[in-house]
Amino acid sequence: MDRGNPDTPLDRRVIEKRAADFAAHVPVPVPWNLDEYARLLTAEFGKPVRFRPLSEEVAPQDLSETDFSGALIESEHSITIYFDDSGGLSHQQDVILHEVGHRVLGHVTQDDVLCRSTFASPRESEAEQFARALLYRFRGGDTLQLAPHVDDPHGVRSLGGALADIE
């Protein structure tokens, strides 16, 4: 997707519209399921999409010294999204949707690598806004809602609900 001048930040409304359009034909699986989402993205992008935990690629001591929690690498034949798997499922989902945002918003070119780290750059901020807009569509107005997972469909659904029991 051509975004014109890549140095000009996208308007928030444009990002939200692209997220809504994308979500209309590539839904975030509920409950969250990596394999299903990879299948949906593969169909959308026309090449295999793979998810790889950073812990399989980077030694824990090296990962703790890095300043990123995700990366997207696109080649001619595939897309690989690396994500920090040391956090909870909700964090993993956030990282993955952020990386998808880079692809949908036109930040990625073939053989380019984008890493999720600081949100100081316009591209990182835009990808984060895209991920938030997708999550809002599928989690609803409760922005503290946790991502349900296929392995724990009856787990805590909302941080607010979990905190309500604490006195």
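In which sense do E1 and strand E3 (residues 79-83) pair, and over how many bridges?

Analyst: E1 and E3 pair in the parallel sense, over five bridges. Two strands count as paired if DSSP finds at least two bridges between them. Helices (H or I, at least four residues) and strands (E, at least two) are DSSP runs, numbered from the N terminus.

A word on the source. This is a predicted model, where local features need pLDDT of at least 70, side-chain atom pairs count only at pLDDT 80 or more, and totals for chains, interfaces and linings use all residues. Residues are numbered from 1 along each chain as its sequence is written, and side-chain values use heavy atoms, with hydrogens and water left out.

Now look along the pairing. Arg50 has Thr80 as its bridge partner in E3. E3 also pairs with strand E2 (residues 70-74). Here the two strands run antiparallel, again with five bridges. Gly70 has Phe83 as its bridge partner in E3. A hairpin of four residues joins E2 to E3.

Next, the faces. In a regular strand the side chains alternate between the two faces of the sheet. E1 (residues 49-53) has a covered face with Val49, Phe51 and Pro53. Arg50 and Arg52 make up its uncovered face. In E3, both faces are covered. Ile79, Ile81 and Phe83 are buried on one side, Thr80 and Tyr82 on the other. Buried means under 20% relative accessible area, exposed over 50%, and partly exposed in between (1.4 Å probe, protein chains only). Five of the five residues of E3 are buried, so E3 is largely enclosed by the rest of the structure.

Ser86 lies in the loop between E3 and H4. Ser86 is exposed, with a relative accessible area of 61%. Ser86 and Pro53 are 33 residues apart in sequence, yet 8.8 Å apart in space, C-alpha to C-alpha.

Finally, the core. A nonpolar core is a set of buried Ala, Val, Leu, Ile, Met, Phe, Trp, Tyr and Cys residues joined through side-chain atoms within 4.5 Å. The largest one here has 31 residues. Contact means heavy atoms within 4.5 Å. Leaving aside neighbours within four places in sequence, the contacts of Leu41 include Val49 and Phe51.
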